[in-house]
Amino acid sequence: MKRTFGQTLRELRQKAGITQRELASRIGMDYSYISKIENDRLPSPAADTIVTISRALNESPEQLLALTGKIPTEVEEAIANNQSAQEFLREIQVMNLTDAEWKEIRTALSRLREVDK
């Protein structure tokens, strides 16, 4: 069974060795909000809040974002304002890539960028 956002958040918080109150303090929210999310009594927060939570836990936000299907505002704006990015994503979506293939593409793009420097 797929883990919920709340379950994953609790795991990451506990792995970081911090309490709900500490996490809430780091992100400027009430600890009861964290508790409700972890217990799946509230839906997952907005994408930008997920990024803030991830950074407070010293984790990459992509894991939590992928659980929710959300995209941070800065990424959404970069795509929305770039025709080539939209064309690329439209073409690539029909390919039904695996996670390994996405990682391979990301690595190839990073190498391409390094060559250009």
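Ala, Val, Leu, Ile, Met, Phe, Trp, Tyr, Cys and Pro count as nonpolar here, Asp, Glu, Lys and Arg as charged, and the others, Gly among them, as polar. Keep in mind that every view below shows a predicted model.

**View 1. The largest pocket and the residues around its centre.** This pocket has a volume of about 1,000 Å³. Its lining takes in 23 residues, and those nearest the centre are E62, V75, L89, W102 and R106. Sort the lining by class and you get 15 nonpolar residues, seven charged and one polar.

**View 2. The helices that line the largest pocket.** Two or more lining residues come from each of α4, α5 (62–68), α6 (73–80), α7 (83–93) and α8 (99–116). The top contributor is α8, which puts six residues into the lining.

**View 3. Helix α2 against helix α4.** Here α2 (residues 20–27) packs on α4 (residues 47–56) at about 120°, and their axes sit 9 Å apart. That angle is why α2 counts as oblique to α4. The crossing of α2 past α4 is right-handed. On the α2 side, L23, R26 and I27 make the contact, and they meet T52, I53 and A56 of α4. By class, that gives four nonpolar residues, one polar and one charged.

**View 4. Helix α2 against helix α3.** With α3 (residues 31–38), α2 packs at about 115°, and the axes are 8 Å apart. This crossing, too, is right-handed. From α2, the contact uses Q20, R21, L23, A24 and I27; from α3, it uses Y31, I34, S35 and E38. Those residues split into five nonpolar, two polar and two charged.

**View 5. L23 and I27 of α2.** Both residues belong to the contact with α4, and both turn up in the contact with α3. R26 is one of the α2 residues touching α4, while Q20, R21 and A24 are among those touching α3.

How values were computed:
Residues are numbered from 1 along each chain as its sequence is written. This is a predicted model: local features need pLDDT of at least 70, side-chain atom pairs count only at pLDDT 80 or more; totals for chains, interfaces and linings use all residues. Side-chain values use heavy atoms; hydrogens and water are left out. Axes are lines fitted to C-alpha atoms, for helices over the stretch in contact, and angles run from 0 to 180 degrees between N-to-C directions. Helices (H or I, at least four residues) and strands (E, at least two) are DSSP runs, numbered from the N terminus. Angles under 35 degrees count as roughly parallel, over 145 as roughly antiparallel, 65 to 115 as roughly perpendicular and the rest as oblique. A crossing is left-handed if the near helix is turned anticlockwise from the far one by less than a right angle, and right-handed if clockwise. Contact means heavy atoms within 4.5 Å. On a 1 Å grid over the protein atoms alone, a cavity is a set of points where a 1.4 Å probe fits but cannot get out, and a pocket is an open set with protein on both sides within 12 Å along at least five of seven lines; lining residues have an atom within 4 Å of a point. Grid points are joined across faces, edges and corners, and a volume is the space filled by probe spheres set on the points.
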